[in-house]
Amino acid sequence: MSLPSLKDFRGEQIEMVCHRCDRYGSYDRNALVKKFGARTEFVELRRIMAIGCDRRGTDQCEARFPCLLAANILIEGKR
Ligand SMILES: [Zn+2]
């Protein structure tokens with residue numbers, strides 16, 4: 001089973017929040033598809049978008065996509 005990618009989300013805007021690093025971003029889905037490709041997985045996208053996070057790449061960073069949770073799309077497999 002492959003991880004969810006951009007093509008699996010139909011909304012126009014993709015939001016990313018990180019409470020730990022106090023960051024919020026809203027991204028145009030079409031722009032992301034153009035830039036990275038529709039097959040880009042959200043885990044990869046999160047890694048890219050968390051670049052401004054103070055704690056990125058650590059367990060302290062909690063960057064996530066609330067719009068995906070709302071759409072019941074889990075971006076990660078088993079933890
Ligand atoms: Zn963060």
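This is a predicted model: local features need pLDDT of at least 70, side-chain atom pairs count only at pLDDT 80 or more; totals for chains, interfaces and linings use all residues.

1. Helix H1 covers residues 29-36, and the count of buried residues among its eight residues is zero, so this helix is hardly covered. Gly37 follows H1 and has a positive phi, near 100°.

2. As to the overall fold, the protein chain contains three helices and two strands. Their order along the sequence is β-β-α-α-α. The two strands are E1 (13-18) and E2 (23-28).

3. On overall dimensions, the C-alpha trace spans about 30 × 30 × 20 Å along its principal axes. A compact globule of 79 residues would have a radius of gyration near 12 Å, and the protein chain, at 12 Å, agrees with that expectation. Of the 79 residues, 19% count as buried. Among contacts between residues at least 6 apart in sequence, 65% join residues at least 24 apart.

4. Helix H2 comprises residues 42-49. Which residues of H2 are buried? They are Phe42, Leu45, Arg46 and Met49. Seen down the axis of H2, these buried residues fall within an arc of 100°, and therefore they line one face of the helix. In general, an α-helix has 3.6 residues a turn, so residues three or four places apart point the same way. The elements against which the buried residues of H2 pack are E1, E2, H1 and H3.

5. Arg47 also belongs to H2. This residue counts as partly exposed because it has 13 C-beta neighbours inside 10 Å, a number that falls between the limit of 12 or fewer for exposed and that of 20 or more for buried. Arg47 and Gly57 are ten residues apart in sequence, and their C-alpha atoms are 7.5 Å apart in space.

6. The largest nonpolar core has 13 residues, and those with the most contacts inside it are Met16, Met49, Ala50, Ala63 and Phe65. E1 and H2 are the elements that give two or more residues to this core. Nonpolar side chains tend to be buried together in soluble globular proteins.

7. Ala63 deserves a separate remark. Which residues does Ala63 contact, leaving aside its neighbours within four places in sequence? The contacts are with Met16, Cys18, Arg46, Met49, Ala50 and Cys53. Met16, Met49 and Ala50 are also among the residues with the most contacts inside the largest nonpolar core.

8. Asp22 has a positive phi, near 60°, and lies in the loop between strand E1 and strand E2. With 9 other C-beta atoms within 10 Å, Asp22 is exposed. Asn72 likewise has a positive phi, near 65°, and is found in the segment after helix H3 (66-70). Asn72 is exposed, as 6 other C-beta atoms lie within 10 Å.

9. Finally, the loop between H2 and H3 holds Asp59. Is Asp59 buried or exposed? Asp59 counts as exposed because it has 7 C-beta neighbours inside 10 Å. Asp59 and Tyr24 are 35 residues apart in sequence, with 18 Å between their C-alpha atoms.

Methods: Residues are numbered from 1 along each chain as its sequence is written. Helices (H or I, at least four residues) and strands (E, at least two) are DSSP runs, numbered from the N terminus. A nonpolar core is a set of buried Ala, Val, Leu, Ile, Met, Phe, Trp, Tyr and Cys residues joined through C-beta atoms within 7 Å. Two residues are in contact if their C-beta atoms, placed from the backbone, lie within 7 Å. The radius of gyration is taken over C-alpha atoms; the globule rule is 2.2 Å times the number of residues to the power 0.38. The arc is that of the directions from the helix axis to the C-beta atoms.
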